[in-house]
Amino acid sequence: MPTQIKNAIWDVLVDCLLTSETREMIEKMQKKVTRIGVMTSGGDAPGMNACVRAVVRTGLYHGLEVFGIMRGYQGMIENDIIPMDSRSVANIIQRGGTILKTARCKEFTTPEGRKKAYENLQKHGINGLVVIGGDGSFKGAQIFSNEYDIPCIGIPGTIDKDIAGTDFTIGFDTAVNTAIDAIDKIRDTADAHDRLFVVEVMGRDAGYIALYSGIGTGAEHILIPEKKTDVEQILSSLQEKERRKKLVNILVVAEGDDFGGGNELANLIKERVPGFDIRVAILGHIQRGGSPSSMDRLIASRMGYSAVECLLEGRHNVMVGIVNNRMHFTPLDKAVKAKQRISEEWMKIVKILAS
Ligand code: ADP
């Protein structure tokens, strides 16, 4: 049989045997990513720079051209896009904030805004995106990718550790350490004056910063959004402490606790347990800044590296996460804000250790 006919029969046979999934995978791999854009978007978090560095250097290592998109989707719409080389990310692994800046961009939520963004990406020939941000940024990436067929990989960068599909988010560990450092200092002054301090930490929907920093500083009570706050139980425990002259107490409250923030709690204690000398400290934005911890630098580097590998492997629209110390990929539309369950055991530990 002539070779041409043999090849034709072979092609038909292979075509019949391929499943639709395999065919889709081959198609994706044929659309090779050559120029990638990286951006930080939404709320900032320490470790974002370490992640940008990892994306840029991994991309360059694989022969890709890498572009930095300034101020998230705003920069995409305004064509604020700059070529990155290895030197452009030198000396940033230890820096908080983000050299690419970050922003919230209303215009990107409109089809017109996203069209402008796409046209700008085309001007630079960018055919793959890495978005470091929170679930809002991932939503934007998902919609954009569906409209314009540009593969997007998300990396969870948020101090709150509230994204489904990963045990860690970039910035959480640093934020906890910052809170611990501040609460330790507060305890020194609380101890000197026999005072009760209510310390409010960040966490509108998630109480992990409060839980970890509270346990790490030996707080007497920890109030988090995931658990209904039993104020009466806290008040009676404080009354009992007042009776035995335990006047130094630290209460850590997540800003999103169902009872309210630090001020509300302090006012109620003042009213019901007047024997305490009470002060409130709201830690605020210091939790977002500062040099990233070793943990955040490590996960940022690992996730940044993995995101580029994903694009090269032809993966579409997934968030890179780490689960049980292994890389884990979650479709962007499932990488949503998630209240992770805080086990009863944690709350028991808090109670036992603070007695
Ligand atoms: P985070 O990423 O920290 O959750 P945001 O929720 O503010 O922060 O989202 C960051 C940006 O992502 C928004 O300013 C907007 O530009 C984009 N974005 C969020 N939701 C959508 C959406 N539904 N459609 C398009 N873009 C979105």
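1. A word on the model first. The structure is predicted, so local features need pLDDT of at least 70 and side-chain atom pairs count only at pLDDT 80 or more, while totals for chains, interfaces and linings use all residues. Residues are numbered from 1 along each chain as its sequence is written, and side-chain values use heavy atoms, with hydrogens and water left out.

2. Let's start with the layout. The chain is split into domain 1 (31-171 + 292-334) and domain 2 (172-288), with bounds from an automatic or database domain assignment. Their C-alpha centres lie 35 Å apart.

3. Now the interface. Here 16 residues of domain 1 are in contact with 13 residues of domain 2, contact meaning heavy atoms within 4.5 Å. The two domains bury about 1,100 Å² between them, 53% of it on carbon and sulfur atoms; buried area is the accessible area (1.4 Å probe) that two parts lose on being put together, summed over both. Ile 159, Asp 160 and Lys 161 supply 50% of the area that domain 1 buries against domain 2, more than any other three residues.

4. The term means a side-chain nitrogen of Lys or Arg within 4 Å of a carboxyl oxygen of Asp or Glu. Across the interface of domain 1 and domain 2, the rule finds 1 salt bridge.

5. Finally, the ligand. It is surrounded by 15 residues, and the closest are Arg 104, Cys 105, Gly 134, Gly 136 and Ser 137; a residue counts if one of its heavy atoms lies within 4 Å. A polar side-chain atom of Ser 137 lies 2.5 Å from a ligand oxygen atom, and one of Arg 104 lies 2.6 Å from a ligand oxygen atom. Gly 43 instead places a backbone N or O atom 3.1 Å from an oxygen atom of the ligand.

Definitions and conventions. A polar contact is a pair of N or O atoms within 3.5 Å; within protein, one must be able to donate a hydrogen and the other to accept it, and residues adjacent in sequence count only if both atoms are side-chain atoms.
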